[in-house]
Amino acid sequence: MTAGSSRHKRLVGGCRGQAAVVGVVLMFGLIIALLALVQLTAVPGWNQAVEVQHNERVQSDMQLVGTEIHRSSVTGQSRTVPVELGVRYPSRPLLFNPTDPAGTLRTTDSGEFEIRNVDIEGVDNYWNDTEDQVIEGSSRELVYEPRYNEYSTPPTTVYENGVLYNEFERPLTLDEGGFVDGHRISLIALSGDYHESSVETRTVSLKPESAPTQTVSVESVDSEPVTVSVPTRLPETEWESILEPEFQRNGGHVLDDEDGVTVANGTLTVAFDPDVEYDLQLARVGVGQQSQQMEPYYITQIAGSETPLRAGQSERLVFEVRDRFNNPAKGVDVDFETSDGHLSQTTGRTGTDGQVMVRYTAPQDAGTQTVTASADVEAVSDRQNDQSTVQIAVTDDDADDDGFVGSNPGPGSGKVQLVDSVQDGDGVDITLRNTGTSEMTLTQIRASFYYPSDQSTPPTGGNYSYQGFETTYDIPGEFVSVEGPSLAPDGGEDSIGLIDLRKNPGRDFMVIHTIWVDGFGESHAYSYFVGIKQPGGPSVNSVIV
């Protein structure tokens, strides 16, 4: 082999080695370029998909939060809900992920809400029929705000007034729960200064501060629309859409006119038909670990004193202490006192249902007695929120001096029956029927007791009227002579009028005594327990004394 050929072989071998090295370098560069391309184009897309999927999950978490807020308000029990605030990207070998995105869940600053032009039935000891009566409180919104790296236009998810929605240029409602359902108005206020930012899942504590919710009946004052005003971030058009089923034109009670639904300066106002009685439910739930029970606000009687008592008879009286949202307040001390008679206890404490009971035994003397329950709550000027007074009619044992035994004579007894008692303007028309076999003529009448269900001062007298004849009578008072109906035997009916009474149809009642003369000149004494009903309403005279 010559020297030339040997040199040629070395050159060829060297070129081959250099080509292999160059190939490796080119391949490595190609891989780096491909990884860079994937890093720049594919990884952001993959991460964006991860973020979008996380946002869908967190919206489901927020829906669960709303459900548990409602459940806590109904049951009065604390709840916890996990919320996936942030998300971690999956590990990708040879590729780089940005910092895992965190999210923030927080409550907003509190805003005021109020309910106007309402009268709460059954708590007239402090709630008066005046236009200045307002149920008011404060509430917060619960807001989730994500901070994604790639999902550039994620929504802020908001829970307010029972509605969950995503904030976009035009909000997208996720849950139209709302606070109106037919004649039921349900508001759940949120409290608590809550703020949590994290990549991890965090557990949100929900603690009832005014619960469980208790329904109270409310009606309009002076025929003015009942209005509910609450803070909101939603525009008027969105609330009109949410409340569309509740408008009068669709069978609801929200006014159809321009005042039915309005939003101004971040406050939603809904106006309701004034001719409808509504069921109102209010509650407050605290968000976060710190929670403060709502203070007791007023006491009201809820059971007892529906019929007069005979001397020595006893009756169970039940009172309830409530907070500003009309929900039961437990552990409140209550003192009892009476004008005459015996009480089973002079001091009690409310249970978990906010109730406390005392048994009253009537004295031997007939008359009107009172039992007053005083709660350990802060008194409000011009309102009797810390006291509830019950008036109790006490009648003589067995029969009174006028020979009256029993009330509301029944069919087949041969007596004059009370058929009906219906509100008529400023009085009540009492219809009587003669079931005997002889004509019966009313000659005297006496009113011994009047029970005002609103716990106000009962009337001290009234006017009797019959076909142009009128006379006055005292309550309680003596018999007065009257010109009355002469009822034909075997079913003859006629009506008398008792006017100038403070009355509350369906709940007030009075006791009257009458003297009748039959066709043979003999006198008969009958007593009646008279309820007052609205025209067309159900009978309210079924109670027997």
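The entries below go from the whole chain to its sheets, cores and single residues.

**Ground rules.** I am reading a predicted model, where local features need pLDDT of at least 70, side-chain atom pairs count only at pLDDT 80 or more, and totals for chains, interfaces and linings use all residues. Residues are numbered from 1 along each chain as its sequence is written, and side-chain values use heavy atoms, with hydrogens and water left out.

**Confidence.** I began with pLDDT, the predictor's confidence in each residue, from 0 to 100. The protein averages 83, and 83% of its residues score at least 70. Elements here are DSSP runs numbered from the N terminus: helices are H or I with at least four residues, strands are E with at least two.

Two stretches got a flag from me. Over residues 397–406 pLDDT stays under 50, and the model has 21 contacts there beyond four places in sequence. Residues 537–545 also stay under 50, with 24 such contacts. A contact means heavy atoms within 4.5 Å. Where pLDDT is low, predicted coordinates should not be read in detail.

**Whole chain.** I noted 2 helices and 37 strands. Of the 545 residues, 46% count as buried; buried means under 20% relative accessible area, exposed over 50%, and partly exposed in between (1.4 Å probe, protein chains only). Among contacts with a separation of 6 or more, 69% link residues 24 or more positions apart. The accessible surface comes to about 26,000 Å², 47% of it belonging to carbon and sulfur atoms; the areas come from the Shrake-Rupley method with a 1.4 Å probe, and for residues only the protein chains shown count as cover.

**Six-stranded sheet.** Next I traced an open, antiparallel sheet of 6 strands in the order β9-β8-β7-β6-β2-β12. Strands pair if DSSP finds at least two bridges between them. β9 (172–176) and β12 (195–198) are the edges, each with a single partner strand, so one side of each has no neighbour in the sheet. The twist averages 15 degrees from one strand to the next; axes are lines fitted to C-alpha atoms, for helices over the stretch in contact, and angles run from 0 to 180 degrees between N-to-C directions.

β8 (residues 163–167) and β9 run antiparallel and are joined by 4 bridges, and a hairpin of 4 residues connects them. In β9, Asp175 is the bridge partner of Leu164, and Glu176 is that of Val163.

**Five-stranded sheet.** I also followed an open antiparallel sheet of 5 strands, ordered β5-β3-β15-β17-β16. Its edges are β5 (134–139) and β16 (261–264). Inside this sheet, β15 (residues 226–231) pairs with β17 (residues 267–272) over 6 bridges, and Val226 has Phe272 in β17 as its bridge partner.

**Cores.** Which residues have the most contacts inside the largest nonpolar core? They are Ile115, Phe179, Leu187, Val228, Trp239, Phe272 and Leu280, in a core of 35 residues. Such a core is a set of buried Ala, Val, Leu, Ile, Met, Phe, Trp, Tyr and Cys residues joined through side-chain atoms within 4.5 Å. Beyond four places in sequence, Leu187 touches residues including Phe113, Ile115, Phe179 and Val228. Another core lies apart, with 25 residues, among them Ile430, Ile445, Val480 and Leu498.

Ser73 sits in helix α1 and is buried, at 1% relative accessible area. Its contacts beyond four places include Ala211, Pro212 and Ala283. The Ala211 to Pro212 peptide bond is cis, with omega near 0 degrees, and Pro212 is in the loop between β13 (201–210) and β14 (216–220). I found a cis bond between Ile475 and Pro476 as well, with omega about -15 degrees.

Buried or exposed: where does Asp490 fall? Asp490 is exposed, at 61%, and has a positive phi of about 60 degrees although it is not a glycine. Asn117 also has a positive phi of about 60 degrees, but Asn117 counts as buried at 16%.
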